[in-house]
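Here is a short briefing to read alongside the structure. Have the viewer open, and follow the topics in whichever order you like.

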Amino acid sequence: MHEKIYKAFHQDISIDDYKELNELKKKFEEQNARCFYTGDVLIHGINSSIDHIVPKSSNKENVYTINNLVWCTREVNLAKRHTSLENFIALCKKVSGIACGDVGVSQVDEAGTVLGRSLRS
């Protein structure tokens, strides 16, 4: 399936030629060409990617269905990789909390330094 997606979006083969691609095109339109996770605008061939909400590595039965696929930015998909949605969200909250100083880490000082490393440039 991913080979067909690549060909359709990177080699100008019509999406309408493939049932699976029509489903993905419909999902793209349902998401209003926006990343499922961030809301960023998606542009095919520039920043769009398809993520498995439940990772392929989980070997669960429905992992390859259209309902398990969402459009997202390449950046998010690279960050999420083989992580479950729940673990990915937890990681994002942890990272953003430390970076913004919103966590109860007693080692954060006013300069934004945690455990001897600066979080701000």
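A residue counts as buried under 20% relative accessible area, as exposed over 50%, and as partly exposed in between. Ile43, at 46% relative accessibility, is therefore partly exposed. Please keep in mind that this is a predicted model.

**Nonpolar patch on the surface**
- Ile43 sits in the loop between α2 and β1 (48–52).
- Together with Val41 and Ile46, Ile43 forms a nonpolar surface patch, and the three share about 280 Å² of accessible area.

- In soluble globular proteins, nonpolar side chains tend to be buried together.
- Here the largest nonpolar core has 11 residues: Leu21, Leu24, Phe28, Cys35, Leu42, Ile50, Leu69, Trp71, Cys72, Val76 and Phe88.
- Two elements, α2 (19–30) and β2 (69–73), each supply at least two residues of this core.

**Cysteines**
- How many disulfides are there? The count comes to zero.
- Cys35 takes part in no disulfide, and its nearest cysteine sulfur, in Cys72, lies 5.1 Å away.

**Strand pairing**
- β1 and β2 run antiparallel and are joined by five bridges.
- β2 is mostly covered, as five of its five residues are buried.
- Across the pairing, Asp51 stands opposite Val70 in β2.
- In a regular strand the side chains alternate between the two faces of the sheet.

**Salt bridge**
- Searching the whole structure turns up one salt bridge.
- Its partners are Asp51 and Lys80, whose closest N and O atoms are 3.2 Å apart.
- This pair links distant parts of the chain, with Asp51 in strand β1 and Lys80 in helix α3 (residues 74–80), 29 residues apart.
- Are the two partners buried or exposed? Both Asp51 and Lys80 are buried.

How values were computed: Residues are numbered from 1 along each chain as its sequence is written. This is a predicted model: local features need pLDDT of at least 70, side-chain atom pairs count only at pLDDT 80 or more; totals for chains, interfaces and linings use all residues. Side-chain values use heavy atoms; hydrogens and water are left out. A nonpolar core is a set of buried Ala, Val, Leu, Ile, Met, Phe, Trp, Tyr and Cys residues joined through side-chain atoms within 4.5 Å. Buried means under 20% relative accessible area, exposed over 50%, partly exposed in between (1.4 Å probe, protein chains only). Helices (H or I, at least four residues) and strands (E, at least two) are DSSP runs, numbered from the N terminus. A disulfide is a pair of cysteine sulfur atoms within 2.5 Å. Patches are made of residues with over 30% relative accessible area and no salt bridge: like charges are joined within 9 Å, nonpolar side chains (Val, Leu, Ile, Met, Phe, Trp, Tyr) within 5 Å. Accessible areas come from the Shrake-Rupley method with a 1.4 Å probe; for residues, only the protein chains shown count as cover. A salt bridge is a side-chain nitrogen of Lys or Arg within 4 Å of a carboxyl oxygen of Asp or Glu. Two strands pair if DSSP finds at least two bridges between them.
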